[in-house]
Amino acid sequence: MLRYLVAVFALVAASSSHEEVIDRILSSLAKGVSFLEKEHRNINLDGVVGFLILQAELKEAVESWPHTDLISWAQRTSAVALVRRLNQCLSKAVSSLAENDPKYYREFEPLLTWTFWLVPKEWTSTDTSLVYSSTRTTECYDEQLSDKCMTLVLGTWKPNGTPCIVTKSCRDTMTRFGCPHYSLSHQLLYFMIGSMKGCSNMLKGDKRPSRANFTEHSYQKVFCSNMMRSNQEIINNSFMGQTQDIFIENILLCGLAGFSDFYKADWLNYILRLQDQDVGCFGKNERAIFQLIREELSETEQPHTRVKRREKTLQDGCSSHMTGVAVSALGGYLSFYLTEQDITKRPLA
């Protein structure tokens, strides 16, 4: 009887903890959506894509939300309200993109709908044995090459272009080991976009014997295992330099790829601390946030190299890219915590 009571109390405590975390996530997302409603004419494509991923995550969450009690039902109601708000303001944001940046809009138009983005149905974990023995100190390629390879996959490289084209140059670049930072995260994104676009045989023509047994998922696991190492190093280096953006981007992408070990509770707290509580965006007042996190971590500071991103700093000092990345990462946390309540969707061994 005693063991039974202990088990019941433990279950209640865990449930209460989950509910509190979900409340914090929903509160943060509500502020983020308010920011989008205000800035939908000005936010750039990267930021809009982040909110579209959030839209996909919320729609999936609403469909699968466990109706176990009144608190859970109230939380689902809040999520439904966020979806309705996103439906309205994202339509306006996408229209503004088409008007303000028509070339970039045409190249990445397939990404500008929530239906493109697939939410994980099952979970797996990274593998420390796949971490590179050494990593380049500079990026492997620039955004222009990355964009070119992705438009070939999307079929937007020309009007009515054929999708799922993988050139040797793109294949070699996107499967190169040892890349750091944004080169690494965009290698993962390349394969994720190919998968969501429905491209098969993206590795066709790769005749390297050492890669004979590699699949698209094999590369995703290699990349996320190294992105995990990168995030751990950022933590150990106390967020030295402008590393919070790639830190959150790694959580977003690998979480969306189904790697549940990126959804660490302390990492969630770091993301939530980066939000401006008045405006609702992320990436504002960076120096104060850096100092606060460094004091908490009390680790040795070391320099970190960051590649220049296509970014748009909005009038109030907010980062368009980081805001989009952060809200979609939080949507991933929400999906994960909800599936944690469903024993049929626990992480795979």
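C164, by contrast, is partly exposed at a relative accessible area of 31%. The two cysteines form a disulfide with their sulfur atoms 2.1 Å apart, where a disulfide is a pair of cysteine sulfur atoms within 2.5 Å. C164 lies in the loop between α5 and α6 and C199 in the loop between α7 (181-197) and α8 (216-236), so the pair ties together parts that are 35 residues apart in sequence; helices (H or I, at least four residues) are DSSP runs, numbered from the N terminus.

## Basis of the model

The model is predicted: local features need pLDDT of at least 70 and side-chain atom pairs count only at pLDDT 80 or more, while totals for chains, interfaces and linings use all residues. Residues are numbered from 1 along each chain as its sequence is written, and side-chain values use heavy atoms, with hydrogens and water left out.

## Two further links

The link of C149 and C170 is left-handed, with -90° about the S-S bond. C149 lies in helix α5 (residues 143-154) and C170 in helix α6 (residues 168-174), so this pair ties together parts that are 21 residues apart in sequence. Both C149 and C170 are buried.

In the disulfide of C281 and C318, the sulfur atoms are 1.9 Å apart, and both cysteines are buried.

## Overall pattern

The count comes to 5 disulfides, and with bonded cysteines counted along the chain, their pattern is 1-5, 2-4, 3-6, 7-8, 9-10.

Methods
Helices (H or I, at least four residues) and strands (E, at least two) are DSSP runs, numbered from the N terminus. Buried means under 20% relative accessible area, exposed over 50%, partly exposed in between (1.4 Å probe, protein chains only).
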